[in-house]
Amino acid sequence: MDDVRVAAIASLTPLEELDSDPFLVDTRSQHAMCERWAADKGYAVIRQLLLYGLSPDHGMLWADVEEGAVDVFVAPNDRVLERAVTSARDFSAECERRGVRLETAGMDEPAYDAVMKARVHRRLSMPTAGYDGC
């Protein structure tokens, strides 16, 4: 059996929304959820996408599909997908039209406390200062 190649979708949500919706801001946790989903199925994540309101027909989304490098798109959940593209419904229809599966990991989002929010804030607000996210 050929390996199933996955493109993991995360929403690139502004840091200002950390207090109101930390999971949408925490792209690392979003991608980790997609990685766990893929690993549980024996699939390989070959691309991590960071999207914010991208048009479902944008060429960047489909380049790897057209090259035969991606078989499945996965988003952590519907909320992330709805933020990542301008229309989740249209993106789903485009996936169907192109013969590419679209899945959601469907796992529980982490519960964020003040310490976790502070880590996300530090990681996202200091990338140019050499902070590596540890």
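Visitor: Why does W62 count as buried?
Guide: W62 has 0% relative accessibility. Buried means under 20% relative accessible area, exposed means over 50%, and partly exposed lies in between, with a 1.4 Å probe and protein chains only. At 0%, W62 therefore counts as buried.

Visitor: Before we go on, what kind of model is this?
Guide: This is a predicted model, in which local features need pLDDT of at least 70 and side-chain atom pairs count only at pLDDT 80 or more, while totals for chains, interfaces and linings use all residues. Residues are numbered from 1 along each chain as its sequence is written, and side-chain values use heavy atoms, leaving out hydrogens and water.

Visitor: How many aromatic pairs does a search of the whole structure find?
Guide: The search finds 4 aromatic pairs. One of them is W62 with F73, at 5.4 Å centre to centre and 80 degrees between the planes. Rings of Phe, Tyr and Trp (its six-membered ring) pair if their centres lie within 6.5 Å; planes under 30 degrees apart count as stacked, over 60 as edge-to-face and the rest as tilted. With 80 degrees, W62 and F73 are edge-to-face.

Visitor: Where in the chain do W62 and F73 sit?
Guide: W62 is in helix α3 (residues 59-66) and F73 in strand β3 (residues 72-75), so to speak distant parts of the chain, 11 residues apart. Helices (H or I, at least four residues) and strands (E, at least two) are DSSP runs, numbered from the N terminus.

Visitor: Why is F73 called buried?
Guide: Its relative accessible area is 1%, so F73 is buried.

Visitor: What makes the pair of W62 and F91 tilted?
Guide: The ring centres are 5.6 Å apart and the planes stand at 40 degrees, so this pair is tilted. It links helix α3, which holds W62, with helix α5 (residues 88-98), which holds F91, 29 residues apart. F91 is buried too, with a relative accessible area of 0%. W62, F73 and F91 form one aromatic cluster.

Visitor: What is the order of the strands in the open sheet?
Guide: The 4 strands run in the order β2-β1-β3-β4, with parallel pairing. Two strands pair if DSSP finds at least two bridges between them.

Visitor: Which are the edge strands?
Guide: They are β2 (44-51) and β4 (101-104), as each pairs on one side only.

Visitor: How do you know that β3 and β4 pair?
Guide: They share 4 bridges, in the parallel sense. A75 stands opposite T104 in β4.
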